[in-house]
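Thanks, everyone. Please have the sequence and the model open, and we will walk through a few places together.

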Amino acid sequence: MRRSNLGLVLREVLSAPAPVSRADVAASTGLTRATVSSLVESLLAAGLVTELAPVAPQGAGRPAVPLGPARGTVAALGLVISVDYLGVRALDLAGEVLAERVEAGDFRRSDPPTVLGGARRLVGEVAGDLADGPRLVGLGIAVPGLVAAGTRRLRIAPNLGWRDVDLGDLLAGTPLADLRVEVDNEANLAARAESWARKGDVRDFVYVNGEVGVGGALVQAGAVFVGSDGGAGEIGHITVAPDGPDCRCGATGCLEAFAGMDAMRRAAGLPVDAGVEVLLDRAAASDAAARAAVEGAGRALGIALASTLNTVAIHRVVLAGNFAVLAEFVRAPVAAELRRRVLLAEWSPPEVEVALVDDRPAATGAALAALAGLIADPAAWTTA
Ligand SMILES: [Zn+2]
């Protein structure tokens, strides 16, 4: 009982939109004030929560002491293996980035052992940056592909050219071998970070992340829906035009073949190493090819998202990654297609928003996934 209540109290403190007092936690959990005080003492001693500056009482009585997540005491690592970079971020319970390293690369059709060797080194370097700092509780890994639900096995990542790669033993033989490892799809983890940043404010949305590929995730009641097999939310491979261009997945006319970064660059006549800012600048300067590329991507995105909204009856879209950068040009065609094609648009007008988390959200989401075990069952990290 005490063990599960410890997790309950920790989650109340971490998920509250504003700092809560012991009395607030007692009221929201139904536990007695004495029980909450005792559990909070354990969480304080373990460095999982912290006391903030007291707030003057409204009436008579002692000032309430607000509680918040502890800073810099425990951390998890989030590793992103993307098509064009490797990144590792250390995040504490307050969501503060304690250390980070990013290395650009080109991992299209790459050799898994080579890339994983680089990833392992980068994880070790970030852990080294934290030496004598926080306790590390785990490593989350974000990959641009499908991960079998509940496993650490990547099934397919079309843009990396990888199939059936086990990521669970990434840290084997290193000083970090004991760290718990979680693996999930990059867009699922980015959507997790977005849901976390919104603190339960917006609980249902379709998240669509423009990278070299197009990742998607369905967030329902604040949680990412992965389906029975882990493959839900693959909006990038919705067929937009069956006779359209080839997609890296082997099919033709997928959304990604119109709205992925490679497709937009090609349509805009830009070199393969041009960043999204170059595309944005060209579109803003009314370069006809760049405008057509970006607006065409927006239309394809709207068509694919309309099918998604009609299927899952969620009415909010969150644009992330390149789509967030290009929102000025992408949002209108997306909204127009949704108005035209979503059956319930008249009653539940679709909303198109830009993601709040714009700085490598998958790295944050991966670290959050690695922190989740501790948050679910903090007893292993406390002494009482
Ligand atoms: Zn495809």
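Let's start with one alanine. A127 counts as buried, because 22 C-beta neighbours lie inside 10 Å, and the cut-off for buried is 20 or more. Keep in mind throughout that this is a predicted model. A127 sits in helix 4, residues 112-129. What does A127 touch, leaving out residues up to four places away in sequence? The answer is L77, L136 and L176. A127 and I235 are 108 residues apart in sequence. In space, C-alpha to C-alpha, A127 and I235 are 35 Å apart.

Next, the domains. The assignment gives domain 1 as 2-69, domain 2 as 74-190 plus 361-381, and domain 3 as 199-354. How far apart are the C-alpha centres of domain 1 and domain 3? They lie 41 Å apart.

Go to the start of the chain. Helix 1 covers residues 2-15, so count 14 residues. From first C-alpha to last, helix 1 reaches 20 Å, close to the 20 Å expected at 1.5 Å a residue. Which residues of helix 1 are buried? They are L6, V9, L10, E12, V13 and L14. Note the glutamate, E12, in that list. Here is a general point on spacing. An α-helix has 3.6 residues a turn, so residues three or four places apart point the same way. And the cover? The buried residues of helix 1 are covered by parts that include helix 2 (22-29), helix 3 (33-45), strand 1 (49-51) and strand 2 (67-69). Helix 12, residues 361-376, is also among them.

Three strands form an open sheet in the order 7-8-9, and the pairing is antiparallel. Strand 7 (146-147) and strand 9 (162-166) are at the edges, each with a single partner strand, so one side of each has no neighbour in the sheet. Take the pairs in turn. Strand 7 and strand 8 are joined by two bridges. V147 has L154 of strand 8 as its bridge partner. Strand 8, residues 153-157, is joined to strand 9 by four bridges. There, L154 pairs with V165, and A157 pairs with W162.

Look at the turns. The hairpin of strand 7 and strand 8 has five residues between the strands, and G150 in the turn has a positive phi of about 75°. The hairpin of strand 8 and strand 9 has four residues between the strands, and G161 takes a positive phi near 75°.

Those were glycines. Most residues other than glycine have a negative phi. Two residues here go the other way. A221 has a positive phi, near 50°. A221 lies in the loop between strand 12 (214-220) and strand 13 (223-225). R360 has a positive phi of about 45°. R360 is in the loop between strand 15 (351-354) and helix 12. Buried or exposed: what is A221, and what is R360? A221 is exposed, with 9 other C-beta atoms within 10 Å. R360 is buried, with 22 C-beta neighbours inside 10 Å.

Last stop, a helix pair. Helix 9 (288-312) and helix 11 (327-341) pack at about 35°, with their axes 7 Å apart. The crossing of helix 9 past helix 11 is right-handed. Which residues make the contact? From helix 9, they include V294, A297, G298, L301, G302 and L305. From helix 11, they include F329, V330, P333, V334 and L338.

Methods: Residues numbered from 1 in each chain as written. Predicted model: local features only at pLDDT ≥ 70, side-chain atom pairs only at ≥ 80, totals over all residues. Expected span 1.5 Å × (residues − 1). Buried ≥ 20, exposed ≤ 12 C-beta atoms within 10 Å, placed from the backbone. Contact = placed C-beta atoms within 7 Å. Domains from an automatic or database assignment. Pairing = 2+ DSSP bridges. Axes fitted to C-alpha atoms, helices over the stretch in contact; angles between N-to-C directions. Left-handed = near helix turned anticlockwise from the far one by under 90°.
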